[in-house]
Amino acid sequence: QVQLVESGGGLVQAGGSLRLSCAASGRTFNIYVMSWFRRAPGKEREFVAAISWGTGNTYYADSVKGRFTISRDTAKNTVSLQLNSLKPEDTALYYCAVIRISWGTHYYTDPSKYDNWGQGTQVTVSS
């Protein structure tokens, strides 16, 4: 019902920065929470950050807190992820996703709850 397209990934040296973007289209009224997940080769998809579409409240995984920032532009139906102080362990395919649940449930950290995913954008951090 919601189409998501990520962009902005690339190759960066450790300590560098990238800004990822996700554009939503289609039935965007179904967006309650928008999140970023990532998956490294051979690993499970893991939660990175989430934002409430209506209020702008945010939540971050401990591994990225203080380094990554999630933001939204409701007029343009886009969400961004600013990645600073990048580490080699941040190397992964980054996905944005949308879920229609209340912010207060906290289930937005569980990838199995999501039905709408983008195709992903690759972030590679060299040492």
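From the N terminus on, the elements of the chain run β-β-β-β-β-β-β-β-β-β-β. This amounts to zero helices and eleven strands, where helices (H or I, at least four residues) and strands (E, at least two) are DSSP runs numbered from the N terminus. The radius of gyration is 14 Å, close to the 14 Å that the globule rule gives for 127 residues, so the chain is as compact as a globular protein of that length. Here the radius of gyration is taken over C-alpha atoms, and the globule rule is 2.2 Å times the number of residues to the power 0.38.

The model is predicted: local features need pLDDT of at least 70, side-chain atom pairs count only at pLDDT 80 or more, and totals for chains, interfaces and linings use all residues. Residues are numbered from 1 along each chain as its sequence is written, and side-chain values use heavy atoms, with hydrogens and water left out.

**The whole chain**

Display the entire chain. Its C-alpha atoms fill a box of roughly 40 × 25 × 25 Å along the principal axes. Of the 127 residues, 43% are buried; buried means under 20% relative accessible area, exposed over 50%, and partly exposed in between (1.4 Å probe, protein chains only). Among contacts (heavy atoms within 4.5 Å) between residues at least 6 apart in sequence, 58% join residues at least 24 apart.

**The disulfide**

A disulfide is a covalent bond between the sulfur atoms of two cysteines; the criterion applied is a pair of cysteine sulfur atoms within 2.5 Å. The structure holds one disulfide, which joins Cys 22 to Cys 96 with an S to S distance of 2.0 Å. The link is right-handed, with 55 degrees about the S-S bond. Cys 22 lies in strand β3 (residues 18-26) and Cys 96 in strand β9, so the pair ties together parts that are 74 residues apart in sequence. Are these cysteines buried or exposed? Cys 22 is buried at 1% relative accessibility, and Cys 96 is buried at 0%.

**The loop between β8 and β9**

Select Asp 90, which is placed in the loop between β8 (78-83) and β9. Asp 90 counts as buried, at 1% relative accessibility. Which residues does Asp 90 touch, not counting residues up to four places away in sequence? They are Arg 38, Arg 67, Phe 68, Ser 85, Val 123 and Val 125.

Now select Ser 85, one of those contacts. Ser 85 is also in the loop between β8 and β9, and it counts as partly exposed at 41% relative accessibility. The phi angle of Ser 85 is near 50 degrees, a positive value in a residue other than glycine.

**The loop between β9 and β10**

Move on to His 106, in the loop between β9 and β10. Phi of His 106 is near 70 degrees, again a positive value in a residue other than glycine.

Finally, select Thr 109, found in the loop between β9 (92-99) and β10 (116-117). Thr 109 is partly exposed, with a relative accessible area of 30%. Leaving out residues up to four places away in sequence, Thr 109 touches Phe 37, Phe 47 and Tyr 59. Thr 109 and Phe 37 are 72 residues apart in sequence and 8.8 Å apart in space, C-alpha to C-alpha.
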